[in-house]
Amino acid sequence: MEQQVIHLLSETQSSAEGPRKNAELQLQALYTEPSFPISLVSVASHESVPVNIRQASLLYLRTFIQAAWTPQFDEFKGQVLVSDENKRQLRHILLELATSDIEEQKIKRAASYVVSKIANADFPEEWPELFPAVLHVIQTGSDAQLHGALKVLGELVDDCFNDEQFFAVARELIKSIFDIAANDSRKATLRALAVHVFRGCFDILEQVMEVHKAAVKAFTDEALSHWVPFFLNILKTRLPEPPPETEDGKEDDATVYYRGMTALKNQVVKVLMRIRSVLPSSLAPQSTVLFSAIWDELTAVRGAYHQMFIVEQRQGRLEDADNLPYSLDFLVLEELDFMQAILRAPPVRKELEQQLRGKNAGETSWVIEVMRMSVAYAQITTEEEGLWNIDVNIFISEETSVTANYTPRSACGELVIKLAEWIPQVTVDGLLAYAASLYSTEQNWKLKEAALYLLNQLLIDFRDLDRNFSPEAALSFTEFIRHAMQQEEEFLRARGFLVAGSLTRAAVDAMRSTAPSFVESTLQAINNDSSEVVQVSCIRAMQYYSQALTPDVMLPMQNAIISALSNYLAAQDLQELTESEDLMTTLVETLRDAILLDTTICLQGTGLDMLFTLARHGANNFNLISLVDETFEEVVGTLSATGADAYMQLCRHVLPSLTGAFDVGTLTEENALTNLAAELLDILATHGSEPLPQGFVATVMPKLQRQLLYSTDEELLKSCTSCVKNILMHDYQQLFEWHEPESGKAGLEIVLVIIDRLLGPTVDDNAAAEVGGLAAEVVEKAGSERLGPFLLQLLKAVAVRLASATSAQFIQSLILVFARLSLHNAGEVVEFLSQVQVDAENGLQVVMSKWLENSVNFAGYDEIRQNVIALSKLYDLHDPRLAQVMVKGDLIINPSLTGRIMTRSRAREHPDQYTTVPAPIKVIKVLVEELLSASGSARRIGNNSAGSAGGVEDGTGSVDEGSDEGDWEDEPNPIVDLGLGMSKAELMAFAEDMPQRQRDDETQAYLIQFFREQAAKPGFEDVFQSLSAAEQEKIRSLLARG
């Protein structure tokens, strides 16, 4: 079979699709052959077979094992196809292959992946000898054997050990990998791999920290007593000179050693960062020594980094086949991050504060040295310079922090920000002093640009945190900014314009006299600068001026700003621009800010036309379209608020473009463009005047009608349905009087046809989500007189569709049809539903079951209030037909499952069960729940966050002791999303306990009055007794407070 397998594996690598697919199918057909997996591993073991075939055999073996080894694997296909004897043989051969003395790393690496996959299922019960065998190789093997053994051990640590298994072997394991890491005679890459395995151990330690904190701390301190001196020794070992650019890619001894040592240092810094995140107090005593070591290292490699990446264009962000980073830029990045973290260690802060005492801002201090180092590493690399010249979109994505490209430049920005959070004024003064030294000489332009880049990062952070930027410093920096804006180098010039805007926004009072000249210069650069990078920077900077400066400064420039944007856009190839998503977004944001200075410009100017042009070419860009929608909504909202005349002028201006977009979208089958037009038209109708401008319906309804009757696009149907609903809300008379030109059908008939289609089985729940609101408006506005027999047909269609609906939004939409009718005609609703049959069930049973089961999930203040009042009206009927309707009551708690994690399989075995109660009782239960929600009395998250988030700045530019030294306390880090600033516990509280809305006094007052009235009526005591103890207490406590 081996020859057959070799042939088939060769065919799977064919470029011809037919032979390749045929070979893959034949390999799958061999799965049931008992000898198939043995043949695969045999092929992999033969050195005479080409490496690519051997590697492919191991990849197929892993796929086979996932499918046929054990039901524990997610990929398992339902039948175990490997006998116990074959399993034993495969485990033995694969482990030997992974830890063999052969030099071919691809084969050993692939074998180690298969070993780890099997170990996931079989270790330790079925494969107890695995760990001792691997450890023996690590302790006694050659370099070639050691590589495979470390890979297998790393997989065991990452995926196979549980905490008990780990702690049973932890001391021996950690000592063995320490002996490798500390052995100078071993290859540096193997030592780096050993440190990488050690770092993985802290994932397990972190998992058991909360339960066994003291034991973990003691174990870690014992281990680190050996490891930390080793870490310091590696950090203090100077890197050799990097190989010259001409030697890149070669594998001579010097190059291999340089890469290996760089990788080793990188892993050392990574593990220090990991220890700091799990048990920072174990590092705190060594923090000052570590700070010095990292500082010395960054100082030592500064020249090499400058030559390789600032002068030359060496390839960076390099990793070896084991995913170990080995290029210098990666090492610098890790060390800058660690520098940022260790600055927060109390011993380091104490030492640094001691050095600052008695020094003036301008004197040489460690702060200025930090600035010197940060500016050096924040310089634009040659690679970035080339990329930004080719594609300005990459430049703007870096500038707007949209990119995920984290580089030493951005790490320096983070370092300076962290320093400013600790000693804000000292940091600003230090940057100012160093910038002054740069700008007073003929220094390289990249250094000057980097200083302003760091200032920009500081300014953004100051504004985000609402901190005051020193007016004196702001005015001092303007000298350097003006200098930069006038330089020949385009990136320095661009930085000058960007920082001018940021500084104006962060220190608006100090910049009030200077800012107008900056705005003028920025406008001139958009129109006239020869560099697109500068033009785009100025467009970005204009946002800051629009947001920061008062209307008396910006309004006179509104036309000029829009004109400058128009000139820039006219010079672009719009098809190419479409591919530059971040640049498109920047243009829309700047245009938005200019338009919103005074929205009346949209009645005659080109602002909206330009917005629509950008939207049309970026219709597939979700973020851009969201911005366009928000901008248009703000424009329509403010203009419609001024009166019907302004709204009419706006409609006259925009309707041709919007209706034209429907036609273009239909012709070109561009769904995104049609969706955009529908969304904007819906916004326009939402803010419509009453009545709508004459001719509005005749202009838009043919377009909406076509989409609603023939389109299958979900979002398009929702937007169009909402638009028709809003037309009905604002001017139903114009819609009812309109007749479709081709068929002559009246507007009401057209709307009924639309509703019939949306309620039909061919349109899914999401697409029809807005039809309930439309149907409710038709029923209210047309009334029974206009609708005649169609009213009952419409309501029955709603009831039938409600029975099968599953989407929460769609269910709410349909229920509100009956809820709004119940506000004034509750008895008629019950009468109608009791006479309707829905799939052999009584309509009252179907609708009330769905209604009461979903009421607590309703969203929207008005919708919730309408629902509450409607349910109270139904209850007040005391109709015996409602009392006969049995619905879901309370969840029945299964005692056998209490405290157990509810897995999917367990949920299938034990589905939720509920009590059954009469509909009136359920109404009261729902209203009790709404009474609690309307009171806003659920627990709130984050109420202590303001007091615990950090220290309070004092007048000296420092912060109190508790500022962020908590990062060096041994508490599990609760933050799961630093962007949210929310802890895991808070997020869980949000998901489970946070009310869906804030306090709703109107609904609460109505419910309190309702319950008071019911409590005074005979018979309510029986209802009250049927409630749970918690519900009874809710009524008592909230009524008492009400």
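Is Arg-317 buried, partly exposed or exposed? Arg-317 is partly exposed, with a relative accessible area of 40% (buried means under 20%, exposed over 50% and partly exposed in between, with a 1.4 Å probe and protein chains only). The legends below concern a predicted model, in which local features need pLDDT of at least 70, side-chain atom pairs count only at pLDDT 80 or more, and totals for chains, interfaces and linings use all residues. Residues are numbered from 1 along each chain as its sequence is written, and side-chain values use heavy atoms, with hydrogens and water left out.

**Figure 1. Overall fold of the predicted model.** The protein has 50 helices and 6 strands (DSSP runs numbered from the N terminus: helices are H or I of at least four residues, strands E of at least two). Its C-alpha trace spans about 95 × 80 × 70 Å along the principal axes. Of the 1042 residues, 54% count as buried.

**Figure 2. Packing of helix α15 against helix α20.** Helices α15 (residues 328-342) and α20 (residues 408-422) pack at an angle of about 10°, with axes 9 Å apart (axes are lines fitted to C-alpha atoms over the stretch in contact, and angles run from 0 to 180 degrees between N-to-C directions). That makes α15 roughly parallel to α20, the term for angles under 35 degrees. Residues making the contact (heavy atoms within 4.5 Å) include Val-332, Leu-333 and Leu-336 of α15 and Ala-411, Cys-412 and Leu-415 of α20.

**Figure 3. The largest nonpolar core.** A nonpolar core is a set of buried Ala, Val, Leu, Ile, Met, Phe, Trp, Tyr and Cys residues joined through side-chain atoms within 4.5 Å. Among the 355 residues of this core, Trp-227, Phe-231, Phe-469, Phe-477 and Leu-684 touch the most other members. Helix α40 (residues 808-835) supplies the largest share, 14 residues. Leaving aside neighbours within four places in sequence, the contacts of Leu-684 include Phe-632, Tyr-647, Leu-658 and Phe-696.

**Figure 4. Positive phi at Arg-317 and His-878.** Most residues other than glycine have a negative phi. Arg-317, in the loop between α14 (287-311) and α15, has a positive phi of about 55°. His-878 has a positive phi of about 50° and lies in the loop between α42 (861-877) and α43 (880-883).

Note on methods: Parallel < 35°, antiparallel > 145°, perpendicular 65-115°, else oblique.
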